[in-house]
Amino acid sequence: MTATVDQLADGTIPGREGEARLRYAAEADLADAKLTAWKKALPGNNWSLKFQLNGLAPATRQFYRVEMRENAGAPVTRSDVHSFMTAPPSSERAPVHFQVTTCQDVRGASTYSAMAEQQPDFCISAGDTVYYDGSALARTVPTAWQAYEKMFGLPEMKAYHRDVGTYFMKDDHDYRFNDADPYMKGRWVSPMKAGAGAVLTQTRGNKRLDVAWLSHEQGIEVFKQVFPLGDRTDRTVKWGKGIQVWMLEGRDFRSPNSQTDGPDKSIWGAEQTAWLKQTLLASDADHRVVISPTPIIGPDRAMKGDNHANLNGFWYEAQAFLDWVKDNGLDNIIIICGDRHWQYFSVDERNGRNIPEFCCGPTSDDHTQQVPPPYKGVRRPYGARRGGFLGVRFDPADRSLACQFYSMTGEPLFKKVFTP
């Protein structure tokens, strides 16, 4: 519930008291619509409201509008009509088209205009939807809320999400700060670059520890407040018989980044790892698509140490998982990751493996970085310092899955097609 229709001059959108409900149906005119109960907006979650809709018809565009009022006796105002697609039945093969993004700030908003023109069935945001420690400078819960207002209140973002349902994942920058784990007390920074609001404590060389950032618990809670999620952020969804998608959680359960690598060091944690393996083995989908906020295969920059593709990071867990995939004969797994600021398609051919990984790259060309050299045993047919997005399409006619990179303007770039 907001006090203004659009953003203020500083990009924020102030909230207000009130109630809302959804009117929804499978027809654009909302004929024979169903209604949810009224819900009250509360300041403790930035005046946001969530509604869970059950019993929707599969493979159907669902239309809805929000009805709002200040209180039970006040006049009702109505939003425009919005929509989203539901998944096809899990036993049927049907055409599916989705897009993947990561590492976005306001400079990449125009990319969503090109994405909207393709009319995808859904989108997956693979993390770093905002940058608390970047332009947003969001150190507290209220300023974290404002970071999302500044990003998702932009006209291009509102137009895209009007008719595209999205699964949101988080990484470090929309959790706490760069490379954050649950055990860090803050960021080590140069005092000259600490920024407004810094609280500097310990000294290490020429750097100080800035502890004025969201805690681990706050980072988890804000993300769940902002986006429509359940209790867990790791989940799997099946879009027909052709595609099953896994979305992994990379921050909540991880070991300290500084821990010596080995069998006891994990990004995923024991429970998530067991769930991932069990559900991968149980899947009967033509293509198993595993989406990780951070790379598993890479390559990555040598200086990094917080992900699976880093020799000084969580290398052991990654190699154990990739060996498990090979040993179980799962030859239809495709990995897609976020986090890295360049587009790439790599194939891990070490130890007799043949496992592909795609990184969609940042939404903006202004947010790109140099492409690092490939690892020995990892073939890289495509790598480019480009911003844009990744499109994924399943064709039931030949059961193929096409992964296509696009530029910010929607220009087709590298494409790879997989067949069962």
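Reader: Which residues lie nearest the centre of the second largest pocket?
Author: A pocket is an open set of points on a 1 Å grid over the protein atoms alone, with protein on both sides within 12 Å along at least five of seven lines; lining residues have an atom within 4 Å of a point. Here 22 residues line the second largest pocket, and Met184, Gly186, Arg187, Trp188 and Arg204 lie nearest its centre. The model is predicted: local features need pLDDT of at least 70, side-chain atom pairs need 80 or more, and totals for chains, interfaces and linings use all residues. Numbering starts from 1 along each chain as its sequence is written, and side-chain values use heavy atoms, without hydrogens or water.

Reader: Which strand gives the most to the lining?
Author: Strands are DSSP runs of E, at least two residues, numbered from the N terminus. E10 gives the most, with three residues. E10, E11 and E12 each supply at least two.

Reader: In what order do the three strands form the sheet?
Author: Strands of a sheet pair through backbone hydrogen bonds, either parallel or antiparallel. DSSP must find at least two bridges between two strands for a pair. This open sheet has the order E10-E12-E11, with antiparallel pairing. E10 (187-189) and E11 (200-204) are at the edges with a single partner strand each, so one side of each has no neighbour in the sheet.

Reader: How many bridges join E11 to E12?
Author: Three, with E12 spanning residues 207-210. Leu200 has Asp210 in E12 as its bridge partner.

Key: Helix = DSSP H or I, 4+ residues; strand = E, 2+ residues; numbered from the N terminus. 1 Å grid on protein atoms, 1.4 Å probe; cavity = no way out; pocket = protein on both sides within 12 Å on 5 of 7 lines; lining within 4 Å.
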